[in-house]
Amino acid sequence: MQERSSFLIVANRLPVDRVGESEWRRSPGGLVTAIAPVMQRRDGAWLGWHGAADEKLEPFDYDGMHLIPIPLSALEVERYYEGFSNATLWPLYHDVVATPVYSRVLWDAYRRVNERFAQAAAEAADEGAVVWVQDYQLQLVPAMLRRLRPDLRIGFFLHIPFPPAELFCQLPWRREILEGLLGADLVGFQRPGGASNFIRLSRRLLGLPHQKNEIHVDGRVVRAQAFPISVDFGEYDNLVRRPEVIARAKEIRAELGDPDHVLLGVDRLDYTKGIGQRLKAFGELLAEGTIQPGEAVFVQIATPSRERVEEYRRLRNDIELSVGRINGEHGILGMQPVQYLHQSYTRQELAALYLAADVMVVTPLRDGMNLVAKEYIACHHDLRGALVLSEFAGAADELKHAFLVNPYDVDGLKRAMVAGMRATPHELARRMRFLRRRVSTYDVNRWAGEFLSALERPSTVQPLASAG
Ligand code: ADP
Ligand code: F6P
């Protein structure tokens, strides 16, 4: 029999990627970046899929974490992960910037895989354990797990936006999803708006009463609250003080031809990130002569992501076409204004890129938080650098001293990029000081700490026995 844990993370993915046959490496991505340090501090277990189909692996330990792999068949990867998670929920929760696919076959797979995760968590959790379920791929797990193990303290955190009723109600399985989430004791969101959307929907669709942020359901109280996620500020702050990272940042600028301005985008190649919009703005600035080739270089790092989902394939083609067009029209021999890299990088290389960049361009059309914006800030103790940030990223709530933009407004985007490039060092330092104060105070440890202490703190509200 396996050892049971008093603290469990349940997430779609394990926090590791396989390199070669049997080696593992910590994986990139917002969720992993945020939780790995917490897992290492508390002696817990992490349940998740290891990334390959049709393969059953035994639990193993990596980097101070006990990992319990949950297997997925190739068909489940297609229907639960690529399908319902990333072709239905992802676009629906991101303002339908792509059209969601509604299919009963995909829904069935989602339900079955959620059941498997819940079952595995029920087996791995010790009596009275704290279980923290993560993100949109596993929204049914809280209720399924509660049915199996009513003794557990269950938290859920949604890393992506939670949409308003007008959008959420498109979902044919809207009641089931809401009921799934309501199985938790605490449901966390990135923004207060997500929490209030959830409370309003619980009342409208399920008739559940609430007092402030506490919803009464089946004689229990479920709290809905915002906990804006953050980054490991100290890790990035330390990285960019290392001589080899400073040297690499200088080298990057030299390799780019020492332009006056280095602009940078770092994203998963995802249609929510507004990569096309920022390239269009940059292309127009070159076309109208506001910036000269050689004066500014735009480095766009785009991590490969969800490559078998149709919308992501289309996006890749569109982006690569637009990069080719800008470079074809405005490049000169040996100098391309856009440097596009469809690759993953180490944190050290990313830190050097952040340090080298004068203007960080973060323009999602909708984003739960956006950790890249916060990583950039953590890398600028030199108080240099401008952050151009979409007002539709969760991070915009906290980072008011960024150059805030509406990414749909190409002229506004151009103005913000130019303002970032032309701002005086004094102005940049003033803004960066505010930004760093916020990110250094509200870092990832504080996020996880606040969520977990809220989860472990019982509600003071008396449950209504007849509600639900
Ligand atoms: P999302 O969770 O939607 O991917 P975030 O901006 O919140 O978006 O988080 C992305 C995370 O992935 C950040 O921690 C960032 O450093 C990391 N990341 C993004 N691009 C790369 C890359 N090319 N190589 C390595 N890590 C990356
Ligand atoms: O932040 C949203 C999210 O989907 C996380 O759940 C995940 O870790 C990250 O983006 C990367 O996505 P995927 O696991 O689909 O590659």
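**Tour: a helix pair, then a parallel sheet**

Select helices H3 and H4: Asn 114, Glu 115, Phe 117, Ala 118, Gln 119, Ala 121 and Ala 122 of H3 meet Val 141, Met 144, Leu 145 and Leu 148 of H4 (contact: C-beta atoms, placed from the backbone, within 7 Å; helices are DSSP runs of H or I with at least four residues, strands runs of E with at least two, numbered from the N terminus). By class, this contact has eight nonpolar, two polar and one charged residues (Ala, Val, Leu, Ile, Met, Phe, Trp, Tyr, Cys and Pro count as nonpolar, Asp, Glu, Lys and Arg as charged, the others, Gly among them, as polar).

The model is predicted; local features need pLDDT of at least 70 and side-chain atom pairs pLDDT 80 or more, while totals for chains, interfaces and linings use all residues. Residues are numbered from 1 along each chain as its sequence is written, and chains are lettered from A and ligands numbered from 1 in the order written.

Next, show all of H3 (residues 104–124) and H4 (residues 141–148): they pack at about 45°, with axes 9 Å apart (axes are lines fitted to C-alpha atoms, for helices over the stretch in contact; angles run from 0 to 180 degrees between N-to-C directions).

Now select E13 to E18. These six strands form an open, parallel sheet in the order E15-E14-E13-E16-E17-E18 (strands pair if DSSP finds at least two bridges between them). Strands E15 (338–341) and E18 (403–405) are at the edges, each with a single partner strand, so one side of each lacks a neighbour in the sheet.

Zoom to E17 (residues 386–390), which pairs with E18 over three bridges in the parallel sense. Val 388 has Phe 403 in E18 as its bridge partner.

Technical notes
Two residues are in contact if their C-beta atoms, placed from the backbone, lie within 7 Å.
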